[in-house]
Amino acid sequence: MTNEELIAALREAEAVKFGEFELSHGGTSEYYVDKYLFETDPDCLEAIAAAFAERLDADDKLGGVALGGVPLAAATSVAAGVPYVIARKQRKDYGTANLIEGRLEDGEEVVVVEDIVTTGTSLVEAVEALREAGATVERALVVVDREEGGRENVEDAGVEMEALVTASDLLADRD
């Protein structure tokens with residue numbers, strides 16, 4: 001899957017929007033990548049899962065960051081034939097009250113998948129939760145790197161981050 005094909009899939013799903021948008025960290029942006037549109041579009045989700053699967057080994061385990069990383073982890077799990085776990089943002093007050101859902105063995109290597117990285121806070125929090133649960137986390141795969149400091153924050157946490165698409169890629173034809 002080429003970079004151009006992924007950008008085309010995101011645009012086909014109408015997930016890339018232009019205008020004035022407020023972001024979760026409080027800043028504003030002239031563009032927005034709507035994860036809910038690309039994660040609920042079967043063709044786009046399949047393209048992303050295939051691109052992630054190409055970057056995995058047969059013995060990898062995935063970790064999906066709740067909420068956006070979960071459909072990506074599930075689709076990639078099926079595409080690559082590897083298992084996954086879910087990293088919650090906070091414990092529930094009922095059931096098992098686990099922060100990590102699914103089977104995770106102590107010392108197991110996990111590749112975290114995430115939708116969009118702006119500051120990297122959600123991804124780093126998921127990495128920390130996985131590590132506290134006993135996982136080894138050294139890699140993360142993300143759909144879009146907004147190139148706003150997230151990569152540096154993720155790498156400061158000791159995680160190599162690979163983005164399928166960057167903001168520069170998405171905005172290249174907007175000049």
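This is a predicted model: local features need pLDDT of at least 70, side-chain atom pairs count only at pLDDT 80 or more; totals for chains, interfaces and linings use all residues.
1. **The hairpin.** Strand S1 spans residues 16–22 and strand S2 spans residues 28–33. The two pair in the antiparallel sense, over 5 bridges. Between the strands of this hairpin sit 5 residues. Gly26 takes a positive phi there, near 100°.

2. **Phe18 and Tyr31.** Which residue in S2 stands opposite Phe18? Tyr31 does. Tyr31 also has a charged neighbour over its ring: Arg146 lies over the face, at 4.1 Å from the ring centre.

3. **The aromatic pair.** A pair of aromatic rings is described by the distance of the centres and the angle of the planes. The count here comes to 1 aromatic pair. Phe21 and Tyr32 form this pair, with ring centres 5.5 Å apart and planes at 25°. Planes under 30 degrees apart count as stacked, so the Phe21–Tyr32 pair is stacked. The pair links distant parts of the chain, as Phe21 is in strand S1 and Tyr32 is in strand S2, 11 residues apart.

4. **Accessibility of that pair.** Phe21 has 22% relative accessibility and therefore counts as partly exposed. Tyr32, at 28% relative accessibility, also counts as partly exposed. Buried would require under 20%.

5. **Helix H3.** This helix covers residues 42–54, 13 residues in total. From its first C-alpha to its last, H3 reaches 18 Å, close to the 18 Å expected at 1.5 Å a residue. Asp41 caps the N-terminal end of H3. A side-chain oxygen of Asp41 lies 3.1 Å from the backbone nitrogen of Asp43.

6. **The buried residues of H3.** Cys44, Leu45, Ala47, Ile48, Ala49, Ala51, Phe52 and Ala53 are buried. What do the buried residues of H3 pack against? Their partners include helices H1 (3–12), H2 (35–40) and H4 (69–80). Strands S6, S7 (136–145) and S8 (160–166) are partners too.

7. **Glu114.** This residue is in strand S6, residues 109–117. Is Glu114 buried or exposed? At 5% relative accessibility, Glu114 counts as buried, because the cut-off for buried is under 20%.

8. **Surroundings of Glu114.** Leaving aside neighbours within four places in sequence, Glu114 is in contact with several residues, among them Phe52, Val65, Gly68, Gly69 and Leu72. Its contacts also include Ser122, Leu123, Leu141, Val142 and Val143. Phe52 is itself one of the buried residues of H3. Ser77 is 37 residues from Glu114 along the chain, and their C-alpha atoms are separated by 14 Å.

Terms used. Residues are numbered from 1 along each chain as its sequence is written. Side-chain values use heavy atoms; hydrogens and water are left out. Helices (H or I, at least four residues) and strands (E, at least two) are DSSP runs, numbered from the N terminus. Buried means under 20% relative accessible area, exposed over 50%, partly exposed in between (1.4 Å probe, protein chains only). Contact means heavy atoms within 4.5 Å. Two strands pair if DSSP finds at least two bridges between them. The expected span of a helix is 1.5 Å times one less than its number of residues. A polar contact is a pair of N or O atoms within 3.5 Å; within protein, one must be able to donate a hydrogen and the other to accept it, and residues adjacent in sequence count only if both atoms are side-chain atoms. Rings of Phe, Tyr and Trp (its six-membered ring) pair if their centres lie within 6.5 Å; planes under 30 degrees apart count as stacked, over 60 as edge-to-face and the rest as tilted. A charge sits over a ring if NZ of Lys or CZ of Arg is within 6 Å of the ring centre and within 35 degrees of the ring normal.
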